[in-house]
Amino acid sequence: MTLSVAIQSKHFANGHCAIRDLGFTARPGEFLAIVGPSGAGKTTLLKIISGLDTAFEGRLQMPSAGKIGFMFQEPRLMPWLTVEQNLRLVDKTADSTKLAQSLAKVGLKDCANLFPNQLSGGMQRRVALLRAFSVAPQLLLMDEPFQSLDVPTANQLRAHLLELWQDIKPTVLFVTHNLQEALALADRVLFLSTGPSHIALDLPLDLPRPRGVDSPAVQALAQQLLQRYPDLLKGRVD
Ligand code: ADP
């Protein structure tokens, strides 16, 4: 879906201004990474876009019937439900064959009847990833979803994410503070300033996919960016 965001300001009840003059438009199917230092307002921005936080000045434009998928840092599975039951919570009509196929796609064949505590952290995230896609979202909001995973597990999840994205093609907003991860995944990276946050740099990427987090192209671009903007990850491009 085309998503158009124009936030003039976001104040919390205590008067703190977290966002000021932040605007961008995302094309249907575009994969945007949002990078910014801790406290820059990334989570606040996702909450506004998801509709969870309506107390802001400004405008959001997106199709009213557009479905939104979410994935957070914690898998947030229901511990008393099996993998299949967790997925059915969001897609009640899914038939068992389709569910089994989806599970196999992300390497979870034969896991439908297991409970979350019988799965590794990486497997739980794969279920959370499938759950996010199982509503066939037009917009997918991801808040540091692969944080604190070991490198091979995170890389595997990134590959699954890209496969699912290419199948369903939602517009993706992927929040991370990992520059290489953003450069490896996205079509475009929005770098946020420190609060009150705005977009410090809007960077389109034209590197061919697949591009690993550790690939020479990603490493070279990261180095180039940090040479040009030494304080980029602190939210400054001066
Ligand atoms: P990020 O996700 O980039 O780490 P957040 O969106 O969580 O940042 O927070 C942005 C800023 O708003 C921070 O300075 C944070 O302390 C502040 N903030 C977040 N939630 C509240 C709240 N409920 N009340 C007051 N200030 C808040």
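Q: Which residues are around the ligand in this predicted model?
A: A residue is counted as near a molecule if one of its heavy atoms lies within 4 Å of it. This is a predicted model, in which local features need pLDDT of at least 70, side-chain atom pairs count only at pLDDT 80 or more, and totals for chains, interfaces and linings use all residues. Residues are numbered from 1 along each chain as its sequence is written, and side-chain values use heavy atoms, with hydrogens and water left out. The residues around the ligand are F12, N14, H16, A18, P37, S38, G39, A40, G41, K42, T43 and T44.

Q: How far from an oxygen atom of the ligand does a polar side-chain atom of T43 lie?
A: A polar contact is a pair of N or O atoms within 3.5 Å; within protein, one must be able to donate a hydrogen and the other to accept it, and residues adjacent in sequence count only if both atoms are side-chain atoms. H16 places a polar side-chain atom 3.4 Å from a ligand oxygen, while K42 has a backbone N or O atom 2.9 Å from a ligand oxygen. For the polar side-chain atom of T43, the distance to an oxygen atom of the ligand is 2.8 Å.

Q: What distance separates the centres of domain 1 and domain 2?
A: The domain bounds come from an automatic or database domain assignment. Domain 1 covers 3-67 + 136-234, and domain 2 covers 78-134. Taken over C-alpha atoms, their centres are separated by 26 Å.

Q: Which residue forms a salt bridge with K105?
A: A salt bridge is a side-chain nitrogen of Lys or Arg within 4 Å of a carboxyl oxygen of Asp or Glu. The structure holds 12 salt bridges, and one is found across the interface of domain 1 and domain 2. In the pair with K105, the closest N and O atoms are 2.7 Å apart, and the partner is D167.

Q: Which element gives the largest share of the side of domain 1 that touches domain 2?
A: Helices (H or I, at least four residues) and strands (E, at least two) are DSSP runs, numbered from the N terminus. Strand 6 (139-143) and helix 5 (151-168) each supply at least two residues of that side. The largest share, 10 residues, comes from helix 5.

Q: Which residue follows helix 3 with a positive phi?
A: At the start of helix 3 (residues 96-105), a side-chain oxygen of D95 comes within 3.1 Å of the backbone nitrogen of T97. After the helix comes a residue with phi near 75°, G107.

Q: What is the omega of the cis peptide bond from R209 to P210?
A: P210 lies in the loop between strand 9 (199-204) and helix 7 (216-228). The bond from R209 to P210 is cis, with omega near -5°.
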